[in-house]
Structures are given as structure tokens and as C-alpha cells.
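Hi,

Here is the structure I said I would pass on. Have a look at it, and then read on for what turned up.

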Amino acid sequence: MIYCKYVANSQNRKTGNISQVYLDKTTCPASCPLHSHICYGNFGPASIVWRKYCNTPITHLKDEIESKGSTYIIRNCVCGDIAYNKTDYIDIDLVDILNNAFRNHLAYTYTHCKANHYNITIAKHSKMVINFSCSSIDELSHDVPCNIVVKSMKKNKTRKDGYTFIKCPNTYKDITCKDCNLCMNKNRKSVIVFPVHGHVKKSYMENLIEL
């Protein structure tokens, strides 16, 4: 059984006031590069929610939404992911549950599952927008929306190796995910770039590229 935590109204400064879902650690893919101590879910308020309150069966998510209400925009997997039983393959049943729960919403998420043929097929058929989080340019795909973490990015927009890279607007101006919507565009061809920051910066930088 997968467990979740539903937040009807988030006060997160980055995302803005949108509904959020946390999923338990069994949903994290085997190859996620953040599995160690640098995982976002192991620090700050997010770690408390993930560790202590992610205990609602995923089958009850729809009831939670109906009882607590929701915003139109939904951020899934604030912590956790959509992998099947700690593999690198997307859990199609989990995606179906999330799609059904938020069928009248604009839902989006990020996954560290690889952008292989199987996962891309699921992502293309999903109502929820699935962004593939990549660690290198070689992992990117033109077939699905992708994002990448880098050491630094000099310009807010650049092109390299056949891809257009756009720096996350939240990193250089006062705008939230709620108002930006770039990662919520399923047909987006550009790659959203997140310059490394916060507690992971020192531990993670040596593996990253510069743009």
C-alpha cells in the first residue's frame, strides 16, 4: 500500500498557494541521485511532513480532496515520486489513481524515473503533467517535458546540443509556480533549468554541468 499526505492549501513561498501531495518513500526510484542525505525530503518542514504525516492510504486521497477542498493547480510528489516499488519504472496504477483523483484539475509532478520508452509512453497518456528530472544532457528527451539541475546558468535562456534551456523564473524574479505555469505545460519542448542551491549545493555540485 502506498501512503500519502494531502495539503489542501500550501503556504510554500516557491509554489504559492496550491494544493500538494506527498507520497511515501517506496515511490522513489532506485536510481534517484538524491537518495542519500541530500534528498530535499530529509530537511526542514518537508521532512517533518514526510516522516510523520504521510500516512493516509492513497486509495483515500479522493475522499481527502472532497472533504478538505482543493485549488485548481495540484503539485504532486512534493516528496516521494511515482516509481513502482523502488524501481526505475513509473507505476502506472499510481498514475491512474492520481489522474482520477485530480481529473478536474491541472496536476503536475516531477520524477527521477528515466525517460525510457516505457516511462515516456505512460507520461504521454497521463492527464497529469510529468516532468522528467535529469542529471545530464544525455538523459534529456524531446518527447516529454524535462528539467535539469546545473552548477550555474549565465543567461536566462540558452540553446545547447539541440535543446532550448530556460532558467526557472522563480530563481531570478518574484514569481511562484502558481503564476508561472511553465512546468505545467505538457507540450513544452524547452528544458527547465534549476541552478543548484540550498543544502545540496556543496554535496551535489561536482556532478553537475554549467550552461
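Is phenylalanine 194 buried or exposed? Phenylalanine 194 counts as buried, at 14% relative accessibility (buried means under 20% relative accessible area, exposed over 50%, partly exposed in between, with a 1.4 Å probe and protein chains only).

Before the rest, some housekeeping. This is a predicted model, where local features need pLDDT of at least 70 and side-chain atom pairs count only at pLDDT 80 or more, while totals for chains, interfaces and linings use all residues. Residues are numbered from 1 along each chain as its sequence is written, and side-chain values use heavy atoms, with hydrogens and water left out.

Now the rings. There are four aromatic pairs (ring centres of Phe, Tyr and Trp, the last by its six-membered ring, within 6.5 Å; planes under 30 degrees apart are stacked, over 60 edge-to-face, the rest tilted). One of them is edge-to-face: tyrosine 110 with phenylalanine 194, 6.3 Å centre to centre and 75° between the planes. That pair links distant parts of the chain, with tyrosine 110 in strand E5 and phenylalanine 194 in strand E10, 84 residues apart (helices, H or I of at least four residues, and strands, E of at least two, are DSSP runs numbered from the N terminus). Tyrosine 110 is buried as well, with a relative accessible area of 14%. Ring pairs join Tyr108, Tyr110 and Phe194 into a cluster. Elsewhere, tyrosine 163 and phenylalanine 165 make a tilted pair, 6.3 Å centre to centre with 55° between the planes. Both partners are buried: tyrosine 163 at 8% and phenylalanine 165 at 0%.

Next, helix H4 (residues 117–125). Its buried residues are Asn119, Ile120, Ile122 and Ala123. Down the axis of H4 they fall within an arc of 160°, so they line one face of the helix (the arc is taken from the directions from the helix axis to the C-beta atoms). On the other side of H4, His117 and His125 are exposed. Helix H3 (92–101) and strand E6 (129–134) are among what covers the buried residues of H4 (contact means heavy atoms within 4.5 Å).

Cheers
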